[in-house]
Amino acid sequence: MTEPISRNRHETRPDEPHTAVGTTLQTGAREPAAARGKTTIADGVVEKIAGIAAREVPGIHALGGGFSRTMGAMRDRVPGGRSSAGRGVKAEVGEKQTAIDLEVVVEYGVSITEVAADVRENVITAVERMTGLEVVEVNISVNDVHLPEEDTAETGEGRVQ
């Protein structure tokens with residue numbers, strides 16, 4: 001791949017010593033730009049992309065299991081705390097492929113199989129478009145169903161006054 005490029009076209013005779021005057025080495029000049037280095041994508045990057053893509057699907061209430069949602073809610077209430085786009089997402093990233101696991105909470109009344117198919121399609125499209133990695137699998141674990149009455153605070157009297 002490293003070839004001498006001569007500025008002066010001078011043919012040497014067999015009895016003449018070879019000199020390197022006017023010769024420069026050009027490394028990788030004929031290589032495409034994509035082959036002149038290596039790009040690595042961290043697991044967290046894929047997790048964030050997948051988390052955002054999953055939340056865009058109608059019928060998804062939240063991502064994460066019970067404990068991670070609880071910890072995330074506490075983190076969100078702390079001043080200066082940020083919600084994690086990758087919460088409820090685990091990715092394994094290789095050089096050319098990635099596998100993604102999602103924990104989701106769906107809204108009551110939606111078809112879980114349809115929502116899961118939509119999530120899978122949206123996540124694959126977003127991750128492959130943004131990273132260039134091939135998504136080999138998206139595993140979805142439905143951990144809970146969100147009920148409409150869970151959004152309202154209970155106003156009834158408690159057992160103890």
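Contact means heavy atoms within 4.5 Å. By this criterion, residues 24 or more positions apart account for 68% of the contacts in the protein with a separation of 6 or more. The structure is a predicted model, in which local features need pLDDT of at least 70, side-chain atom pairs count only at pLDDT 80 or more, and totals for chains, interfaces and linings use all residues. Residues are numbered from 1 along each chain as its sequence is written, and side-chain values use heavy atoms, with hydrogens and water left out.

**Figure 1. Overview of the elements and of the confidence in the model.** The secondary structure comprises three helices and six strands, where helices (H or I, at least four residues) and strands (E, at least two) are DSSP runs numbered from the N terminus. Along the sequence these elements follow the pattern β-β-α-β-α-β-β-α-β. The mean pLDDT (the predictor's confidence in each residue, from 0 to 100) is 80, and 64% of the residues reach 70 or more. Among the elements, helix α2 (residues 66-77) has the lowest mean pLDDT, 51, whereas α3 has the highest, 98. Of the 161 residues, 24% are buried; buried means under 20% relative accessible area, exposed over 50%, and partly exposed in between (1.4 Å probe, protein chains only).

Figure 2. Two strands pair if DSSP finds at least two bridges between them. Strand β5 (residues 97-107) and strand β6 (residues 134-146) run parallel and are joined by eleven bridges. Within this pairing, S141 of β6 is the bridge partner of E103. The chain passes from β5 through helix α3 (residues 112-131) to β6 in a right-handed β-α-β crossover; right-handed means that, with the strands pointing away from the viewer, the path from the first strand over the helix to the second runs clockwise. The pairing of β4 with β5 is antiparallel and extends over five bridges. Here K90 stands opposite D101 of β5, and the two strands form a hairpin with three residues between them.

**Figure 3. The surroundings of T98 and L133.** T98, in strand β5, is buried because its relative accessible area is 1%. Beyond residues up to four places away in sequence, T98 touches V46, A91, E92, V93, V127, L133, E134, V135, V136 and E137. Its C-alpha atom is separated by 10.0 Å from that of T131, 33 residues apart along the chain. L133 belongs to the loop between α3 and β6 and counts as buried because its relative accessibility is 6%. L133 and T98 are 35 residues apart in sequence, and their C-alpha atoms are 6.5 Å apart in space. Leaving aside neighbours within four places in sequence, the contacts of L133 include I41, V46, V93, T98 and E128.

Figure 4. The 13 residues of helix α1 (residues 43-55) should span 18 Å at 1.5 Å a residue, and the end C-alpha atoms are 18 Å apart, which agrees. The expected span is 1.5 Å times one less than the number of residues. Buried residues of α1 are V46, E47, I49, A50, G51, A53 and A54. These buried residues pack against β3 (60-63), β4 (89-93), β5 and α3.

**Figure 5. The largest nonpolar core.** A nonpolar core is a set of buried Ala, Val, Leu, Ile, Met, Phe, Trp, Tyr and Cys residues joined through side-chain atoms within 4.5 Å. Of the 22 residues in the largest such core, I60, L63, I100, L102, V119, V123 and V127 touch the most other members. The elements giving two or more residues to this core are α1, β3, β4, β5, α3 and β6. In soluble globular proteins, nonpolar side chains tend to be buried together. Not counting residues up to four places away in sequence, V127 touches V46, I49, A50, T98, I100, G132 and V135.

**Figure 6. I112 in helix α3.** I112 lies in helix α3 and is partly exposed because its relative accessible area is 37%. Apart from neighbours within four places in sequence, I112 is in contact with V106 and V142. The C-alpha atoms of I112 and V142, 30 residues apart along the chain, are separated by 8.2 Å.
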